[in-house]
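This report describes the fold of one chain and the way two chains meet. Please consult the sequence and the structure shown here while reading.

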Amino acid sequence: MVNIIEQVINGFRTGSIYALIALGYTMVYGIAKMINFAHGDIIMVGAYALYVFIVLLKLPVIVAVLFTIGLCALLGMMIERIAYKPLRKAPPLAVLITAIGVSFFLQNASLLIFKANPIKFQSIVKVKTIIIGDVAIAGITVVTLVVTLVSMIILTLFINKTKAGSAMRAVSEDKGAAQLMGINVNRTISMTFAIGSALAAVAGILFLCQYQSLKPTMGALPGIKAFVAAVLGGIGSVPGAMLGGILLGLIESISKAYISTQLSDAIVFGVLILVLLLKPTGLLGKKRIEKV
Amino acid sequence: MRTDKKVIRKPKQLLTMKNLLTLTIIIAVYLMIAALVEFHILNRQFTNLIVPIGANIILAVSLNLVTGFLGELSLGHAGFMAIGAFTSAIFTLNVNMPGNPEFFLAIIIGGSVAALFGFLIGVPVLRLRGDYLAIVTLGFGEIIRSIINAISLPAGLDKAGKLIVKKGTMGLSGITTYSNYTWVYIAVIITIIACANLVKSRHGRVICSIRDNYIAAESIGIHVSRFKIMAFVFAAFFAGVAGALYGHNYSNIKATDFGYDKSIDILVFVVLGGMGNIKGSVIAAIILTVLPELLRSAQDYRMLMYAVLLIAMMIFNSSELKTRMQESDKLSRITRLFKLSK
Amino acid sequence: MALLEIKNLGISFGGLRAVDDVNMKIEKGQLYGLIGPNGAGKTTLFNLLTGVYQPTDGTILLDGINIVGKSTAQISVAGIGRTFQNIRLFKKMTVLDNVKVALHNKVKYSLLEGILRLPSYFEKEKVMDEEARNILKVFDLDGEENYYASNLPYGKQRKLEIARALATNPKLLLLDEPAAGMNPNETAELMDTIRLVRDKYDITILLIEHDMKLVAGICEQILVLNFGTELANGTPEEVLNNPAVITAYLGE
């Protein structure tokens, strides 16, 4: 009985991280109609950045966190400007290959700089474990859940209540029309990448504090799983990304506990295939009718 | 009487001057390679590269079928290579047959099992397109590797006649190194001819039409899924063959040899050589197998440079510079040489 | 028996009723027109006929057989060919290959025969070459057979699309705005070509058009759609003089 509750809480925790990352995928897909393959690796960059700021440069925690988020936001915008913007009119296959190139670049750059050996990192989260009855909830879990919840609320408010947020929604509906309405499409796209990357940075920080170890490929698998989460929830839908993330986290947690850790990865891919074959628009996605 | 007529009538169009010339060149190149190796004109380093070059050519040409001609990105091609390598190695380790027939069978088995997996994976998955298909193929590449690592492999009999069972993570060792320049050369030639012939047949046209406009392809009666599976299985077969050749070149193999990095390697061959350009894939595979050997010192930067290359090639392909170059007369004469077997 | 019979056909996209209770009967050999203001559901109807969309209500009978639920490829094999509103040619293939690929269901050889270059490969390819060239000649495109389809001028691209659809030997040919973007000369030429194609290949043609001169010039019967449902149905004279039709196009 206790076990299940702990697994469910773990599921929510992992799922929150996936949700944060999935938000980035879904926002970029909505606006630029592309899957930013390199998104997962931004998590890795965020984690290494935090390490550099705190351990190597010995900056205060708050400063380091802010710098990390800022750095990743900048990186996201730069990638968009250099690699994706020139390909706005290119066939989707070209954009996909480029995104893979960027992902590969980030991984190998990190490999060159920091080498392949995992680097240990001590969590900056000093929150104590909460004990409720028989269930122990680790500090990092609490922080993850709270941070994610707050981020999602802020993001939803931003998208629905601010002018910039409406601009983002407009551009994702119809780029041409948005431009004709006076919206600066380039700036909106850049901002979307910035926000998505900032969220990825937060996910990276939380991930790092959870697993306390760094390596160049650490972002790849969470990135792919978050992509599955975005698809599950409905790619292009912000609430969908949140829902998909949590759901996938739960599925993975329960698979790990009751089936097998090895197979849990395969199960995640299985979920992807099932969703794409049975309900490609995901749980909350809109049916996009291709004009024939 | 009718059977006589069929035997006498030679396929006029197969025996053209062009084909005879091609055949002569093929034989000549083989003899040249043989001479270079047997008379020790090439040093050890280069002789050792012949099999990897051949395997890479086969991998590049077969991936080009899926990515260049069908237009779908497959990020799990190395997975099929792994299947070919391991099944063929298991065969040669556990079966006792005279050398050449054993290796021949091993290659066929490696290719066929890879093709079978291509089919099993393809049927449910090839209904997807673009990004989704790419990620799923990536997933399968990784899953295949995990499975190999998870299972136990039969590795032949030990001196007492008992079956040696190895854990997948240990890989396989003690493999007879059958691969040599002759086997590899023949396999490469067969692959190139088979793929080139496929492309210039009615099936190839269908595959290209799916790339260009799958909705229009459906409207003219093409069952898109069927042909996607055809291209995928075809490519998987040759990836398996390449795996078998690769697996018998060194006496041991591990699942990690066939990971994501290798799939990206192959993708770079295809992108650099030109998608939909078989000759380009061949040349790119040769250059990019030899170059890293020559530039051993820059080994660490290789993957990084590949990443930049991929991004640069894609941006260049869609750029105005390329269209201007294509329209320039002088350059088009040079590029026409490369496009002959498109 | 009519070649094509549509009964109570309808489709909803969420809350939007894009096509509603449409009935149509096309006799063999007819030149039938489908007109209506933009957004009336004409292309949606084409997509329903070719299996791109599945209807929510109604039946479609081709030669008496209900084709609802069949895939696009199956419907093409059953005998419906089409062109598209925004041209969908195989851009990186030559003009000749665009037509040859449409022959793939008619002239066959096996995969093995193709790869091994057995005699049947050469024979069948030659047959396909000839047939493709014959079709191209009807459209005056045989001179450009080795051009890449994307390099053809717009008007010729439209003709190539029709040629390609024709190569599948359809019973019913659906043309979606074949004259879009053409000048009056090209349109007149197209009208002759369509009539020629109908007579020479003994097929039935259903076309969507906005160019009323073309519609009035060659169509024998016209269905007018507005807001997804039938507004009028009759001969060109009846329909084009119908006040409701005029209002729909020009507004009050």
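Chain A has 11 helices and 4 strands, where helices (H or I, at least four residues) and strands (E, at least two) are DSSP runs numbered from the N terminus. This is a predicted model, in which local features need pLDDT of at least 70, side-chain atom pairs count only at pLDDT 80 or more, and totals for chains, interfaces and linings use all residues. Residues are numbered from 1 along each chain as its sequence is written, while chains are lettered from A and ligands numbered from 1 in the order in which they are written.

In chain A, 50% of the 292 residues count as buried, meaning that 20 or more other C-beta atoms, placed from the backbone, lie within 10 Å of the residue's own. The C-alpha atoms of chain A fill a box of roughly 60 × 45 × 35 Å along the principal axes.

Chains B and C meet through 23 residues of chain B and 28 residues of chain C; two residues are in contact if their C-beta atoms, placed from the backbone, lie within 7 Å. H9(B) gives the largest share of the chain B side, 7 residues. Helix H9 (residues 202-212) of chain B packs against helix H3 (residues 95-102) of chain C at an angle of about 105°, with axes 9 Å apart.

| Helix | Residues in the contact |
|---|---|
| H9(B) | Arg205(B), Val206(B), Ser209(B) |
| H3(C) | Asp97(C), Lys100(C), Val101(C) |

Note on methods. Buried ≥ 20, exposed ≤ 12 C-beta atoms within 10 Å, placed from the backbone. Axes fitted to C-alpha atoms, helices over the stretch in contact; angles between N-to-C directions.
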